[in-house]
Structure formats: C-alpha cells, structure tokens
Amino acid sequence: MSNSEWNDPEANKLPEKVNELEQTNGVPKDTKRKRIVVVGLGMVGIAFIEKLMKLDVKRREYDIIVIGEEPHLAYNRVGLTSFFQHRQVENLYLNPKEWYSGMPEGSLNYHLNTLVSEINSEEKTVKTSAGDTVPYDILVLATGSDALLPRHTPGHDAKGVFVYRTIDDLQKLIEFSSTRKGTTGAVVGGGLLGLEAAKAMMDLEDFGAVKLIERNRWVLSRQLDGDAGNMVVEQVRALGVDVLLSKRVGKIKHDADNYVTGVVFEDGEEMDCSCICFAIGIKARDELARKAGIKCADRGGGIVINPDLSTSIKDIYAIGECASWENQTFGLIAPGVEMADVLAFNLTQAKAHSPRVFKRPDLSTKLKLLGVEVASFGDFFADRDGPKELPKRHGAGKKEGVIESKDRIKNMTSGPVPPPVKALTYKDPFQQVYKKYLFTMDGKYLLGGMMIGDTKDYVKLVPMVKNQKALEVPPSEFIVGASKGDDDADDLDDDTQICSCHNVLKGDVVKAVKDGTCKSIGDVKSCTKAGTGCGGCMPLVQTIFNKTMTSMGQEVKNHLCPHFEYSRADLFNIIYVKKLQDFEQVMKECGKDPNSLGCESCKPTIGSIVSSLSNKHILDPPRRGLQDTNDRFLGNIQRNGTFSVIPRIAGGEITPEKLIIIGTVAKKYGLYTKITGGQRIDMFGAKKQDLLAIWEELIDGGMESGHAYAKSLRTVKSCVGTTWCRFGIGDSVGMAVRLEERYKSIRAPHKIKGGVSGCVRECAEAQNKDFGLIATEKGFNIFVAGNGGAKPKHSELLAKDVPPDDVVPILDRYLSFYIRTADKLQRTARWIENLPGGIKYLQEVILEDKLGICADLEQQMADLVGSYFCEWTEVLKDPERRKLFSQFANTGTTISDTVEPVEDRGQQRPAYWPRESAKEDFRGTKWSELSWQPIIEADKFKDLPTGDSQAIKRGDTQLAIFKVKGKYYCTQQMCPHKRAFALSDGLIGDDIQNNKLWVSCPFHKRNYELGGPNAGKCGNDPEVNIATFPVEEREDGMVYVKLPPVEELDSVLGTEKWKVRKGETEDPFKSLDEKLKNGMGFKGRKGRDVSHLENGKGERGKAAHILAGGERGAGGLDW
C-alpha cells in the first residue's frame, strides 16, 4: 500500500495552493490566531494537521505546533514491512520535509525527538522532557499506543526480544538478525500485526526458519472464526511459516550473556530460537492524560472522549489509538483518520454548519497477508457475541434482539437466548475459499460476514450492511450467485460503489446508459472510468450495462435514433459527400421512411451537421424546425420561460464603455446579471417579446451574439499574460481573442470551450478545456479533449512548443476532425476516449497527416470562418425573422411572469419550481360545451417538412397550434411537468409505423401525443397529460378551434391559475440563514443603500447619482 493512500489528496497540494494564495494576497496576514498544540506526529496526528491546514488556509484562524516523540517526520506505519526492502525512512514519509515548510509562515512548526511530560490545563501549557514550556489554546492528544510486551514473562528483557511497532524497532531487528544467520526466528501473536511481522522476518532472509506462535486455536481470531482462521493457517504453512497454535510462552530462555536461546511454553514444551518478536496487541498511551487528571477508561485504558472528540477537560481533545470511545479503542488507522476529520471540520466549519460527531466506525477490512486474501465486514462476530445493532423495522411488534422480561427470567434458569442471527457458510477446501454471511433470523437483512480466498463480493456487501436495506433475494443466492463466477447487480442500490479505483457508483453507470450517453461497454469505461483501474470490477460493470440495456428494450447500436440506421459520423459523411442541404433531402436519402418528420433526437443533430458544413441562418424556414428552443430564439430558455442574453466578450476582455452598455440594458429591462466562469456577463429574465429591443441596443453598442445558446464555441478563457502579469511569458489575452474571434459561431456535435494561459501557473485552467494553450519559452503547448462538468477530464498534450503562427492551422484541423467524426452530443473528452488509438492516433492525423486530409480539414474550417455573420444582427435586419419573437401569434397583448418573481440579493429571480408536477387529468376534462371559434390566420403557418407551430392567447389561457403535413393540432401550451408554458416551441416527432405524432416539451423532453385515440397522453411520463382540442382550417382563411367558454377554459388552464408561486417551495437556505442570523448578513455586505465609507451613497445611491448626471458635473462622466 502506497503512502499516498493515507494522505488527504487536497492537503498534498497545500504548498502549491499556499504559494498561489500568497501571490494573490489570498492568505490573511493579520488575523487573530489561536494556537493548537498537537502531541504526537503519527499517522492520525498528521491526518489532523493536513485536514485542519486544508480547511484553515484561507481563514488563518490557527497556528499549529506539533511535538513528536520519534526522531522522524510522520511515516506510514501500515507499510512498515516495506522498510525491509528499501531501508530508507524517507520512503515511508507521508509528506516530504518540504511540505511542512510550504505552509503559510508561522502556521506550522514541529519538534521531533521530544517527549511531552506534563499538561497544565489551568495555565494551558505543556511541558517537554527538555524543560520547555509550550502554551496552547487547544490541545490535541494523538499519542497513539505502545506495543505490548509481556513484562510478567521471565526473560522478557533478554537480548533478542523485540516488538513490531516503530522504525526504531525494525532497525534493531534488522541489525540483530544479521548476527543470527541460519537460526530460528519466532513471532508471538497471530493477529494482523503478527502475520506482518512473520512476513518481515522471512523477507530478511537471515533466519533459517520462521515460526509463528498463537495462543488461540487459529490465527486472526479478532477478524475470523475458527473455520476461516484455520484455512489461513493452512495457507500460511504452505508458504513456509511454521504455525504453532494453542501455545502460550511461559518463559524465555537465555544464555549467560542474556541472549535468547529459546522459549518454554506453559504446557512444558520447549522450542529453540535466537530471536523473538512480540506482536500481541497494543495499549493506548494515556499516561500523560492520567497524570493531568483527564478522565481515562479503567478497563482497557484510553482517554475517554465525547462524540465531538473532547475530553473531560475543556479545550483538550483526543484522537486515534489513545482515545476511548464508548469503552473501545481502535487499533486500525481508518477510525483515527475519521476522528481527525471530524475534529478538523468542527474547529473550522462549525460556525456555519452543524458540528459533526464521531459515530460507530466501520471496522470492515480487506487485505492480503502473506499472499492470502482476507476480508471481514460489518458485524462479523454477531453470531458469537450477539449483534451490536439490528435494523429498525417499520410497524408494531417486538423488535428483533430485544429481550423481554419473561426471557430474562428464562436466561437465569436455562442460559442465555441464542443471538437472533443466522449464518450462511460456504467452504471450499480445494480452492481454499471460505465465506460466512450473517443475517437476521428472517433472512431479510445482512449484518456482516467474512471471506477467505475469494473476496470479490466485498465491494457489494459492505454497503448492504451500511444501508440496512431489506434484501430482495433469499440469502442462499449470495453464495449460489458467487459460485457462478458472474457478479449480479440486481440487489445493489444506485449509491453502491462498484469501482473503488475511480469511485464509480452503480447509479453512475445506469444513468449514463439510460440517458443515452453510453451505448457500449467501451462508452461506459470512457464516460465513467469504471474498469479502467485494476479492471477487477469489469464483470460487474458488464452485468449492470447488459441488464440496463435489456430493461430499456434496447440493443447496443450506435444509430442516431429510430428514424436513421446511421451514427452521427456516418450521417455527416453522407451529407458532406452528397452535398445535402436540408432535412427533407437528408430524410429522403438516409431515413428509414422518406416521409418521416424525424424526432427531437435527430432533428437538432441534422441541423447541426448542415450548419457546420454550410453556415446559413438557423431561423430560416428549412432549418428553424430542426432547432431546440435555445437555437430557435437565439437564447437559453430559463425556468420561467424567459431567455438569457449573453453578448460575446472575446477572451474575457471588455472595455468600460461596453460595461456601461450592458449595465444600462440590464437596468432598463430588469435583467438579473451574473459574471460566469467563462469570463463573460450573463443577463437573465429577458422576455421573448423584449429580445429584439435588447439585442438592438447591444448591437448598436458594437456587441454581437455570444452563441451561448448553441452547440458551438462558447468562450476562450484567458489570464492576463504578458499584457499585465509579471510572470507571463506569452500574450494569452491576445491569443485568446484571436482564437475566439476565429471560431465563434461554428457549430459542432457539442459545445466547445477554450483557454489560454500565459505561463505554467495556468490561471486560465487551459488543461480542462476542449482546447487549451499554455505559453512556453518557445511558443505554446496545445492541450486537447478536456472538460469539466459532470464527468471531468484532464486535457491531453497534442503538440509541444508550437510557434504562434502554427497554432491556428493545428486547431483548424483538430476542430474540423472532431466535427466530422464525433458522435451525437459527444464532448471532445469522450470522443478522444473512443477514438481508436486515442491521442497518439489524433497526433498522427493532425500533425503527421496520416490520412492525407489535413489540407481538406483546414479548407473546411476556412470556409466556415469566411461565412461568419452575427445571427442576431441578421434577425434585426429581417422583418420576417423579427415576427418570430412575438409572444402570441394572434394578439399583441402579452402575459408576464408565469413564475412569480422573487427579490434575492438585490435582484429578481423566478420562484423555485414545486417538487410535484401538475397531475390533473387535463386530457379527461369534461367541458360543459364546445364551440368553433376563429383563432388565427392560416397564412401564419408555413408548410414545412419539419412542421410549424404558433402560441395562442385566449382569455388568460395559452394554447399551442401545430401544422404538420397540412393537418392542424391544438393543445394547451403548459407542460404539466414543471408548469412551463412552452409546448408550441417543442420539436415535433413521429413514428409512422405505429401512427404516432408527438410534440416534445423543450424543457425536459416530455413527449405528448398530438392526435389519435391517445391524444394528450405523455409517452414517457404517465403522471402527466394535456388537454387537446379539435382544430381545422376553413375557406375564410382562418384556423378554427373548438373551445369551451373563456371563463370555463381559464378555470382549468388559465395562466394565473398555474402560475408558480413563491410559497409553493420552502427556501433551501432557510435553515442556514437562521444559523447565520441574517440571510443578508454576509461578510463584507452592508446592504445596497449603505456604504463602508462614512456618508457614502451605497450601491443604489451611487448608480442613481451617475445616471442622473451627477458624476463630475451635470454633464455626467468626464471622458
């Protein structure tokens, strides 16, 4: 086991983080700090220090002084056995010496080879054996434990008697063994440490024989029962260790010079040996605490701790092996690390969060000892000692394990009632496999168990015990299933970890398959990383994948959707070669049914392919019906049906004049504003009917579309580089602006993000982007195929030290190749993972022109770049396109706020969505009467191959009318799932073979049938449905809809009736704000009408002053 497995990963990077924070003055300098003194620099002591430093680095509330008794920095005690191979103490260090010195100045000091001899809790000081007095505000005792030596045994002080605990112990053992070559070495104790010591003695290769002495009838008696322990004995003996069972050392023999010559057992037998290593347990080091009057456990020892790790004296805490929790001490490292984590959290985070408490630790272990696989989990001795805890049941009746009064009387006369536990055991002496699983009496709950030889089920069984979920299969299937060789995933919860290497849950795999991200086992490995570590989980991953696909009734195919038997890459090539221009042509050439309308899956994909080959306006009739709502209205649709407005800010560089324009527009139209991680300003809450006016002001001020609504280039993030930074070695802003200006508007299979950093400090985070540049002395290193999001991936190096002039050609080829070959909605990270040969193949294609297509790829990009236009500018110029942005097609009146606005932090946002859908049976509404009424002119609908639609207002009710292949359909406008009024903006799909036609809600893809006997039904959510109405076109040129009276219609479907209101959902911050005592009591905020300066105007007052011309005179700003 490597040392790094015991480190806090974030704490490992603390020196770099500290350096970065200090460069930006992110480390507070003058805070009033408390002093924490930690006694003990072992694995738990350093775990506490790491976690506290990590949480406190930006706060600087504490300075730490740690006092260690050993002459070494904290080292990996679990990995002591490896010391016999390398003999280098530094190889065991959990942190290098430089780590300690890399902390903020004064925050961490250590003293080695120093024993703390006294605690004065009244004066809050500790005294060392050197006579130094160290004051503390908080004292943390992590003194650990001592290895037990049987001092009552005659000869225990002979030369050649050792314990197995510290580096010093090992060095002494190594030195001594070299003088006793060929003799017999003995280990007393057959527990975990004893087996480790036996292996260490064998590894020394000095002893002619190694014998293991155990007083019980089997080894590992604290983890295993007799059958399992004896099976381990057989395997250990087969490895060459002589195991003596049921033997107690009565006396240690020695010669006249006090050197060990052998042992005499309590039964009178004798054994010759020259060296004895005792590994018979540990004893908590509580002598320092006892001397100071801190309460300690009478039986077993240890410093008594409360659930928050505090001791009986204020401001003194104990963690690790020295601590006694509920009369138990723990010799495993994991509970100690958990204690360290709880204490560090409480000291730093409890002011704004509920304090944590230390709970019953999970003592499950899985390890390999002397080559033998051993595991125990849960309450593994529940059949012997009785269960520590039984699952809580719902309903009345006697709880299992509760002894009633009549049973207590029976206990006195007939002995104790057997534990309410049943064991299921499997033993294979041929394969040396043993399994015992413990269940409640009814077999409904798994309590714990143990395994030898075959431990692959460990990862599945541990969460079953933790979750205490009733089993859905009989206990026998645990053994029968295991013996088949295939992992079964049906009984696993979605939060079960199936891949420990990459911490992948079952639910991660299921979700990736169900949402269409993963269509093959290769996709699963790429998307989730499951199976890409040790590979041991692959049978289970394969089973989960197969069963999920089967449950969906799907085969593993890479087809775009049911309308096409081609992948996206295949379709791209067909459209490219045959020069197809629109959806109708593509469907006739490639579709399964040439007359099909397609669906919500294939339409946007074909629209993207056509746009990436010939850059034409997406709102023109042949293409508008292919677009999702975001592209259809050139803005991201938000929860309340409004849209975001995001002008392009290339490279994050913006002038004060443009900031004023953005601020003015946001103020004028009441838009919520936010600066994003992509270095631009987003404005939210723009009504559809206001979009034209908003963009007219922005474009008039020299701005253009930011394409935040499209699957295209979003931003190229940059640091300031040589423009301002003293560390910069490349003009990152200049390069970022050029790249963003070049690739803006280019549509791709998914969104594209870029980044440019001016030096290796990487402030632009270029190495988690679809493409990223980092300046070097010779040019730029180009990284590709990284992304953040739900499945983060670090970029891979495509080319090194690229001169600035060569950057654009390489990126042109890379992006063109991605656009050509990626699958539907596939980010570059997943694309390169599935690309045969991965990054090496990509380098061959892009840098070495392996396929001979580089010139073609560059030309493809040049054609796209040369055809650029601002989509919003073209909309403003065209009266027909402008007509698309009215709220309703039959009236100029509007309806505002389908979701109630809420004032929050000085701006308005929509109220939170309610948790439940509107589950009324709209489809089955019984209207009192229906009459035909002219609603809208028929010429407002176009006969498009993809269908057309309009939103209609009647009274307070919103309706959606669709025209598909000459036929009309009418439904309510509201999707009941989230009460969003948007169905007219949804994509229309069909299944000609089954005579189905549907509209897909643009919010969450609920698909509602438009016609036929199931009109109004939702095909993928049975809880919701919609009302539909007869509709027809008449000779007078009007479209008529058969509707009930207005009042009745509004009473069922009125906008005001279904408006989402603030009171429907509880504020998620209510509890937190109560703890903070004021929802707006954030540090640094004095409110918007108050300034930190005396007599200052505050935010609102200052802005009003400037807008009124009060800045530098009545003429306004002095430019």
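Modeller: A nonpolar core is a set of buried Ala, Val, Leu, Ile, Met, Phe, Trp, Tyr and Cys residues joined through side-chain atoms within 4.5 Å. The model discussed here is predicted.

Colleague: Which members of the largest nonpolar core touch the most other members?

Modeller: That core has 110 residues, and Ile36, Phe48, Ile49, Ile119, Leu141 and Ile319 touch the most other members. Helix α3 (residues 43-56) supplies the largest share, eight residues. A second, separate core has 60 residues, including Leu560, Phe564, Cys599 and Tyr814.

Colleague: What is isoleucine 119 in contact with, leaving aside its neighbours within four places in sequence?

Modeller: Contact requires heavy atoms within 4.5 Å. With those neighbours set aside, isoleucine 119 has such contacts with Thr125, Val126, Tyr136, Leu139, Leu141, Leu288, Ala292, Ile294 and Ile316.

Colleague: Why is strand β34 called largely enclosed by the rest of the structure?

Modeller: A residue is buried when its relative accessible area is under 20%. Six of the six residues of β34 (residues 779-784) are buried, so the strand is largely enclosed.

Colleague: What makes β33 and β34 a pair?

Modeller: Pairing needs at least two bridges.

Colleague: How many bridges link β34 and β35?

Modeller: Four, in the antiparallel sense, with β35 covering residues 796-802. Here phenylalanine 783 stands opposite leucine 797 in β35.

How values were computed
Residues numbered from 1 in each chain as written. Predicted model: local features only at pLDDT ≥ 70, side-chain atom pairs only at ≥ 80, totals over all residues. Heavy atoms only, no water. Buried < 20%, exposed > 50% of the residue type's maximum accessible area, 1.4 Å probe, protein only. Helix = DSSP H or I, 4+ residues; strand = E, 2+ residues; numbered from the N terminus.
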